[in-house]
Amino acid sequence: MSPAQPARRRSDAVANRAALLDAAERVLLRDGPAVPLDVVAREAGVGIATLYRNFADREELYAAVVRRSYELVAALAQEAEDSAAPPLDALAGFLRGLLAERHHLALPLLGAPGPLLADGADPLGSRISRSLAAVLKRGVGDGSIRPDATAADLVVTGAILAHAQLPPEAWGRAARRIAALVLDGLRARPDTAPLPDGLTGTELDRVMTRGAGEAAAY
């Protein structure tokens, strides 16, 4: 066997795994988690045996898809935290990023299955919240953001904006307007009325780790 053959096989294996994750992501967002796995394999352009060589079962496949979505959101939140822009501008960038990537967000708040990890822990969800909380704290400190805004507010807003309720072009326009309204509502004003109670960080973490089905309890 020539040295090029193992390299080619590794390359094919990486491509197959990526195709399976992309297909599973589309199926999750379009049809829900109960779709037969042969539908995922067919959409990925591979055989069912290839799917099972990469993922032991449905849970492992969908956990990989959900984790990849969390990683994407965590990167956007980290970018906002690291940004030198004013806090409201950094949060605007976070929401824009979510809208741009909404076709890749298979998350519990958008109907994907949970838990993300076998032990129920979700360090990526916590990382997202910490990054957004850091941006909010910076804004409260410089007087640009109202002090009762929370990271949970931003996570839920992002989930709503990422879940298209209209045809794509129409939803893109509507969602950008809603994002602008939310950002304006975050501004600190002397006459701002207190917000009603919302989800605590603990409650949001529970929903994000265990799945959207528990959201009805709140």
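This is a short tour of a predicted model, stop by stop.

**Before you start.** Residues are numbered from 1 along each chain as its sequence is written, and side-chain values use heavy atoms, with hydrogens and water left out. In this predicted model, local features need pLDDT of at least 70 and side-chain atom pairs count only at pLDDT 80 or more, while totals for chains, interfaces and linings use all residues.

**Stop 1: Thr50.** Select residues 48-54. This is helix 3, and Thr50 lies in it. (Helices are DSSP runs of H or I, at least four residues, numbered from the N terminus.) Thr50 is buried, at 11% relative accessible area. (Buried means under 20%, exposed over 50%, partly exposed in between, with a 1.4 Å probe and protein chains only.) Now show side chains. Those of Thr50 and Arg53 are joined by a polar contact of 2.9 Å. (That is a pair of N or O atoms within 3.5 Å, one able to donate a hydrogen and the other to accept it; residues adjacent in sequence count only if both atoms are side-chain atoms.) Beyond neighbours within four places in sequence, Thr50 is in contact (heavy atoms within 4.5 Å) with Asn16 and Leu20.

**Stop 2: helix 5.** Select residues 87-100. The 14 residues of helix 5 should span 20 Å at 1.5 Å a residue, and the end C-alpha atoms are 20 Å apart, which agrees.

**Stop 3: helix 5 against helix 8.** The axes of helix 5 and helix 8 come within 10 Å and cross at roughly 155 degrees. That makes helix 5 roughly antiparallel to helix 8 (an angle over 145 degrees). On helix 5, color Leu88, Leu91, Ala92, Leu95 and Leu99; on helix 8, color Ala175, Arg176, Ala179, Leu183 and Leu186. These residues make the contact.

**Stop 4: Glu81.** Go to helix 4, where Glu81 sits. Glu81 is partly exposed, at 28% relative accessible area. Which residues does Glu81 contact, leaving aside neighbours within four places in sequence? They are Ser131, Ala134, Val135 and Arg138. Arg130 is 49 residues from Glu81 in sequence, yet 9.0 Å away, C-alpha to C-alpha.

**Stop 5: Pro147.** Finish in the loop between helix 6 and helix 7, at Pro147. Pro147 is exposed, at 69% relative accessibility.

Terms used: Helices (H or I, at least four residues) and strands (E, at least two) are DSSP runs, numbered from the N terminus. The expected span of a helix is 1.5 Å times one less than its number of residues. Axes are lines fitted to C-alpha atoms, for helices over the stretch in contact, and angles run from 0 to 180 degrees between N-to-C directions. Angles under 35 degrees count as roughly parallel, over 145 as roughly antiparallel, 65 to 115 as roughly perpendicular and the rest as oblique.
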